[in-house]
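Hi everyone, thanks for making time for this. I'd like to walk you through one structure, so please have the viewer open.

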Amino acid sequence: RDRGDTTTTLSSRARRSTSIARDMSASQGFRRTAQSALRGAMAQGSSAGSRMSPTTAIGGAPFAARERNATPFGARSISLQAVQIRMKSVGNIQKITKAMKMVAASRLKGAETRAKQSRALVQPFVRLLGDTPAVEVEGETLVVPITSDKGLCGGINTTVVKYTKVLNEMNGGAAALDVIGEKARSQIARLFPKQINDVIVDTTKQPLTFATVCGIADTIMSKNAPKTHLIYNRFQSAIAFKPTVATILSNDELEKVAEEGVNAFDTYEIEGPDRSEFLLDLAEFKMGALLYNAMLENNTSELGSRMQSMESSSKNAGEMLNKLTLLYNRTRQAAITTELIEIISGASALEAKK
């Protein structure tokens with residue numbers, strides 16, 4: 001009985017070994033058939049004039065060469081690795097633009113509140129002394145363009161530079177310039193390099209205060225210009241900004257304008273210091289108040305414009321990412337389909353020879 005059990009066990013093991021050997025031979029036969037089909041397809045390709053090898057891509061260029069050199073626009077084949085790298089870079093840019101939009105949106109509300117509150121300083125001066133940009137004065141006119149220190153905020157800085165060019169031409173091309181903001185300096189330095197007196201930058205790194213603005217106003221008033229133009233963007237809404245020119249006259253020019261009856265200064269009774277000293281104090285305080293309001297308005301416009309620009313950039317990045325994903329999927333599917341066609345064609349050619 002023991003001998004019979006042993007014989008049965010040995011026979012079952014032999015059958016399993018035979019089955020495994022049969023499967024291995026079948027897989028080897030299939031492998032040999034696939035290799036023969038591939039060699040047949042390579043032979044057909046070489047006879048047709050296009051030499052092929054296992055390292056050859058769909059379009060005829062080696063994989064290593066295609067990875068080193070990106071396929072130019074308009075080519076029939078494209079590297080999947082190049083598309084993956086482009087998709088990754090576009091995705092990173094989209095993350096950055098979304099973050100910048102969120103930062104600008106979070107800062108916009110507070111900046112808008114401060115800008116609207118600062119308008120209460122400007123309105124009494126406009127009612128008392130008026131805004132007279134067309135008054136002709138004797139001496140050099142000073143133009144102060146106010147821009148941002150950072151970019152990626154639309155065309156608000158370019159608009160201020162355009163207005164600066166117009167005012168310079170209106171003053172015979174000889175107006176003096178005191179520039180506030182890094183972006184204005186980089187553009188105006190190419191246009192009027194010899195007319196720039198002072199450049200003031202990094203004013204928005206810390207929260208803007210009236211004391212800081214008064215220091216900047218003292219620097220501007222030290223030029224003793226008879227007329228000063230402030231050019232800035234007045235905030236209206238998150239998508240609308242109005243380029244504005246505010247005019248400040250010196251105390252002597254204010255005296256002349258008051259005598260001519262241009263403003264409403266003589267309609268008030270003045271007590272205390274003499275007339276000239278009082279006009280000097282008003283001119284200095286008006287410069288500080290208008291400059292403070294102009295810088296706050298321009299900063300708010302910068303944040304609103306940056307928020308809109310980053311939103312558009314994020315949308316464009318998303319559209320580009322969708323197109324690259326579609327291109328990647330199509331290219332990958334085309335590569336797989338072409339390889340299958342080559343194998344099937346080789347197998348068919350081999351069977352036809354038999």
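I'll begin with the model and its confidence, then go through the sheet, the cores and one serine.

First, a word of context: what you see is a predicted model. The mean pLDDT of the protein chain is 79, and 77% of its residues reach 70 or more. Two stretches deserve a note. Over residues 23–27 the pLDDT stays under 50, and the model has 1 contact there beyond four places in sequence. Residues 45–76 also stay under 50, though for them the model has 26 contacts beyond four places in sequence.

Now the overall layout. We have 8 helices and 5 strands in the protein chain. If you read from the N terminus, the elements go α-α-α-β-α-β-α-β-α-β-β-α-α. The chain has 354 residues, and buried ones make up 36% of them.

In what order do the 5 strands lie? The order is 3-2-1-4-5, in an open sheet with mixed pairing. Strand 3, residues 196–200, and strand 5, residues 240–249, each have a single partner strand, so one side of each has no neighbour in the sheet. On average, neighbouring strands here are turned by 20° against each other, ignoring direction.

Strand 4 shows both senses of pairing. With strand 1, residues 142–145, strand 4 (residues 227–237) pairs in the parallel sense over 4 bridges. Valine 144 is the residue opposite leucine 230 of strand 4. With strand 5, strand 4 pairs in the antiparallel sense, over 10 bridges. A hairpin through 2 residues connects strand 4 to strand 5, and histidine 229 stands opposite threonine 247 in strand 5. As a reminder, strands of a sheet pair through backbone hydrogen bonds, in either sense.

Helix 4, residues 156–170, packs on this sheet. Helix 4 touches strand 1, strand 2 (176–180), strand 4 and strand 5, and its direction makes about 150° with that of strand 4.

So what sits in the interior? The largest nonpolar core has 25 residues, and Ile146, Ile180, Leu291 and Met295 have the most contacts inside it. Several elements supply at least two residues each, including helix 3 (80–129), helix 6 (210–221) and helix 8 (275–353), along with strands 1, 2, 4 and 5. Which element gives the most to this core? That is helix 8, with 7 residues.

Zoom in on isoleucine 146 for a moment. Leaving aside neighbours within four places in sequence, isoleucine 146 is in contact with Val160, Ile180, Ile231, Tyr232, Leu291, Ala294, Met295 and Asn298. Apart from the largest core lies another core, of 13 residues, with Phe125, Leu254, Ala258 and Phe265 among them.

My last stop is serine 314, which lies in helix 8. Is serine 314 buried or exposed? The cut-off for buried is under 20% relative accessible area, and serine 314 has 10% relative accessibility, so serine 314 counts as buried. The side chains of serine 314 and threonine 97 are joined by a polar contact of 2.8 Å. Beyond four places in sequence, serine 314 is in contact with Gln94, Thr97 and Lys98.

That's my tour, and I'm happy to take questions.

Technical notes. Residues numbered from 1 in each chain as written. Predicted model: local features only at pLDDT ≥ 70, side-chain atom pairs only at ≥ 80, totals over all residues. Heavy atoms only, no water. Pairing = 2+ DSSP bridges. Axes fitted to C-alpha atoms, helices over the stretch in contact; angles between N-to-C directions. Contact = heavy atoms within 4.5 Å. pLDDT = per-residue confidence, 0-100. Core = buried A, V, L, I, M, F, W, Y, C linked by side-chain atoms within 4.5 Å. Buried < 20%, exposed > 50% of the residue type's maximum accessible area, 1.4 Å probe, protein only. Polar contact = N/O pair within 3.5 Å; in protein donor to acceptor, adjacent residues only side chain to side chain.
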